[in-house]
Amino acid sequence: MNPSPRAEPLWRELVGEQLRERRRGRGDRLQDVARRAGVSPQYLSEIERGRKEPSSEMLAAVAGALDSSLLDLTTGAAERLRTSVVSSAPAVSVRGMFALAA
């Protein structure tokens, strides 16, 4: 019996990971980034944990609070998704993943 293929991660989880890694890499506190982005620390925490599906405007605000861009954030998440796809699945380009995410 073949093991079932690993499920792909959700987009919101990948984006949340990107945000958390960028924030921690800068040494920023959750509260400080949330204040700069205009959101509550609780909401930002839920975004980082992949619990919320934020709008593109919200993601742009949080990315900006990290001196990053929405493009940097989504490109990083798409690259992580590309590398996590099960090897038996057909290859998908980053551009194709953006189309799927839209």
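Start at the N terminus and follow the chain: the elements run α-α-α-α-α-α. That gives 6 helices and 0 strands. Keep in mind as you explore that this is a predicted model.

**Stop 1: the whole chain**

Show everything and colour by burial. Of the 102 residues in the protein, 32% are buried. Now think about contacts between residues at least 6 apart in sequence: 61% of these join residues at least 24 apart.

**Stop 2: the nonpolar core**

Next, select Val15, Leu19, Val33, Leu44, Val62 and Leu73. These are the residues with the most contacts inside the largest nonpolar core, which has 18 residues. Which helices supply this core? H1, H2, H3, H4 and H5 each give at least two residues to it.

Beyond its neighbours within four places in sequence, Leu19 touches Ile47, Glu48, Leu59, Val62, Leu66 and Leu73.

**Stop 3: one side of H4**

Select Leu59, Val62, Ala63 and Ala65, which are buried residues in H4. Where do they sit around the helix? They cover an arc of only 160° around the axis, so they lie on the same side of H4. The buried residues of this helix pack against H1, H2, H3 and H5.

**Stop 4: where H1 meets H3**

Now show H1 and H3 together. Their axes are 7 Å apart and the two helices pack at an angle of about 120°. On the H1 side, select Arg12, Gly16, Glu17, Leu19, Arg20 and Arg23; on the H3 side, they meet Ser45, Ile47 and Glu48. Sorted by class, this contact has 2 nonpolar, 2 polar and 5 charged residues.

**Stop 5**

Zoom in on Arg20 and Glu48. Their side chains meet in a salt bridge, 3.0 Å from N to O. Arg20 belongs to helix H1 (residues 11–26) and Glu48 to helix H3 (residues 41–48), so the pair ties together parts that are 28 residues apart in sequence. In general, side chains of opposite charge can pair when their charged atoms come close.

**Stop 5: Arg26 and Asp67**

Move along to Arg26, which forms a salt bridge with Asp67; the closest N and O atoms are 2.9 Å apart. Arg26 lies in helix H1, and Asp67 sits in the loop between helix H4 (56–65) and helix H5 (70–84), so this pair links parts that are 41 residues apart in sequence. Arg26 is partly exposed at 36% relative accessibility, whereas Asp67 is exposed at 64%. Look at the backbone of Asp67 too: just after H4, this residue takes a positive phi of about 55°.

**Stop 7**

Select Arg35 and Asp32. They form a salt bridge whose closest N and O atoms are 3.9 Å apart. Both residues lie in helix H2 (residues 30–37), 3 residues apart, or about one turn of the helix. Arg35 is exposed, with 58% relative accessibility.

To finish, select Arg26, Asp28, Arg36 and Asp67 together: salt bridges that share partners join them into one network.

Methods:
Residues numbered from 1 in each chain as written. Predicted model: local features only at pLDDT ≥ 70, side-chain atom pairs only at ≥ 80, totals over all residues. Heavy atoms only, no water. Salt bridge = Lys/Arg side-chain N within 4 Å of Asp/Glu carboxyl O. Helix = DSSP H or I, 4+ residues; strand = E, 2+ residues; numbered from the N terminus. Buried < 20%, exposed > 50% of the residue type's maximum accessible area, 1.4 Å probe, protein only. Core = buried A, V, L, I, M, F, W, Y, C linked by side-chain atoms within 4.5 Å. Contact = heavy atoms within 4.5 Å. Axes fitted to C-alpha atoms, helices over the stretch in contact; angles between N-to-C directions. Nonpolar A, V, L, I, M, F, W, Y, C, P; charged D, E, K, R; others polar. Arc of directions from axis to C-beta.
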